[in-house]
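Morning, everyone. Please look at the sequence and the model on the screen, and then I'll walk you through them.

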Amino acid sequence: MSTCRIRLLFEKALDGIGESCWILFSLRQLVLVKDLVKYVGERFFGGKSTNISLYLAESLLPADEKIEIIRDGDTISIKQKNASKKFLRVRKRARSSSTSSSSSSPKRKKKPAGGGVSKSEGVKRKVETFLRKVDASSSLESSSSDSSSSSSDSSSEEKKLQKKKIPAKPK
């Protein structure tokens, strides 16, 4: 088949098109996904193909992939790259302005991501827990050996008493 019909879903509705439309393109003219990106950019975004990414089933279509990855009837989502970058820039500016305004106050240390415990503190806690367990088990062993030795002491005392009670047989 030399042509392919696909449905395009746009992040934001385009003037005169809306949020989606169907297009038909020739598989002979487009070899790679980046060729389709260029085609869509020229047709719908005024030639700004570098600002868009194509997604199939919510997964990015790599630009260097062959166009055969797209089949007749597929739905392709188009997302603009610069929208997220602008959002990140605004967030970074907001953070930098808030830190510069509070520069007179002492800076607080950032808490580690692992539940407020740094990696070294976590290791220390694990070592301390391990040592407590070892101490507890060694004290249990010593108390059990003490009780076993006391029981063996009492049995040896009983044997001595028994020997004394039984008179020796005459020869």
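First, a definition: a residue is buried under 20% relative accessible area, exposed over 50%, and partly exposed in between, using a 1.4 Å probe and protein chains only. Now take V134. Is V134 buried, exposed or partly exposed? V134 counts as partly exposed, because its relative accessibility is 34%.

Two notes on the source. This is a predicted model, where local features need pLDDT of at least 70, side-chain atom pairs count only at pLDDT 80 or more, and totals for chains, interfaces and linings use all residues. Residues are numbered from 1 along each chain as its sequence is written, and side-chain values use heavy atoms, with hydrogens and water left out.

Where is V134? It sits in helix 3, residues 119-165. Helices (H or I, at least four residues) and strands (E, at least two) are DSSP runs, numbered from the N terminus. The protein chain has three helices and five strands. Their order along the sequence is β-β-α-β-β-β-α-α.

V134 also belongs to a nonpolar surface patch, together with V123, V127, F130 and L131. Together these residues have about 440 Å² of accessible area. That area comes from the Shrake-Rupley method with a 1.4 Å probe, and for residues only the protein chains shown count as cover. Patch members have over 30% relative accessible area and no salt bridge; nonpolar side chains (Val, Leu, Ile, Met, Phe, Trp, Tyr) are joined within 5 Å, like charges within 9 Å. A salt bridge is a side-chain nitrogen of Lys or Arg within 4 Å of a carboxyl oxygen of Asp or Glu.

Back to the chain as a whole. Of its 171 residues, 16% are buried.

Next, the rings. Rings of Phe, Tyr and Trp (its six-membered ring) pair if their centres lie within 6.5 Å; planes under 30 degrees apart are stacked, over 60 edge-to-face, and the rest tilted. By this rule there are two aromatic pairs. Why is the pair of F10 and F45 edge-to-face? Their centres are 6.1 Å apart and their planes stand at 70°, so the pair gets that label. F10 lies in strand 1 (residues 3-14), and F45 in the loop between helix 1 (33-44) and strand 3 (52-56), 35 residues apart. F10 is buried, at 7%. F45 is buried too, at 15%. Ring pairs link F10, F44 and F45 into a cluster.

Last, charges over rings. The rule: NZ of Lys or CZ of Arg within 6 Å of the ring centre and within 35 degrees of the ring normal. R5 lies over the face of W22, 4.3 Å from the ring centre. K79 lies over the face of Y55, at 4.7 Å.
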